[in-house]
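Trainee: Could you pick one part of this structure and take me through it closely? I'd like to know how it is held to the rest.

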Amino acid sequence: MIRLLALAAFLAGSWSPLMQAEDAPACSESAGQEAYFPCSSCHGQSGSGNEAFGSPALAGLAGDYLAAQLRAFRLGRRGTHPEDASGRQMAFLASSLRDDQDIAAVSCYLAGLAPA
């Protein structure tokens with residue numbers, strides 16, 4: 001059962017057998033703030049979201065969850081439905097994240113913010 005859960009998490013992109021938690025890079029607040037800056041126009045400086053834009057609050061969500069969602073947007077697994085204008089916009093903006101380090105920085109930064 002544990003192997004099945006690990007496989008499901010790996011396929012979802014939220015866990016890598018090559019990087020265990022103790023090997024994960026330390027969270028850099030400045031790198032996270034810098035990578036998050038373009039996101040703040042919709043999600044707010046504090047990650048509290050914006051109902052008018054349909055942008056959910058992100059502050060305090062689990063870093064692994066946020067990273068998996070950003071990867072899904074960046075890779076075209078999310079935000080491709082023709083009727084999902086917000087999702088398409090998010091996919092476009094997520095493509096501006098240069099690499100997995102940017103995703104990790106944003107995810108870690110948001111996870112460390114107090115929920116609104």
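Mentor: Happy to! Let's call a residue buried under 20% relative accessible area, exposed over 50% and partly exposed in between (1.4 Å probe, protein chains only). This is a predicted model, where local features need pLDDT of at least 70, side-chain atom pairs count only at pLDDT 80 or more, and totals for chains, interfaces and linings use all residues. Residues are numbered from 1 along each chain as its sequence is written, and side-chain values use heavy atoms, without hydrogens and water.

The chain has six helices and zero strands (DSSP runs numbered from the N terminus: H or I of at least four residues for helices, E of at least two for strands). Let's look at α2, residues 29-36, whose buried residues are Gly32, Ala35 and Tyr36. Seen down the axis of α2, these fall within an arc of 95°, so they line one face of the helix; the arc is taken from the directions from the axis to the C-beta atoms. Ser30 and Glu34, on the other side of α2, are exposed. The buried residues pack against α3 (40-43) and α6 (100-111), a contact being heavy atoms within 4.5 Å.

There is also a covalent link: Cys27 and Cys108 form a disulfide, with their sulfur atoms 2.0 Å apart (the cut-off is within 2.5 Å). Because Cys27 sits in the loop between α1 (2-11) and α2, and Cys108 in α6, the pair ties together parts 81 residues apart in sequence. Cys27, at 41% relative accessibility, is partly exposed, and Cys108 is partly exposed at 27%.
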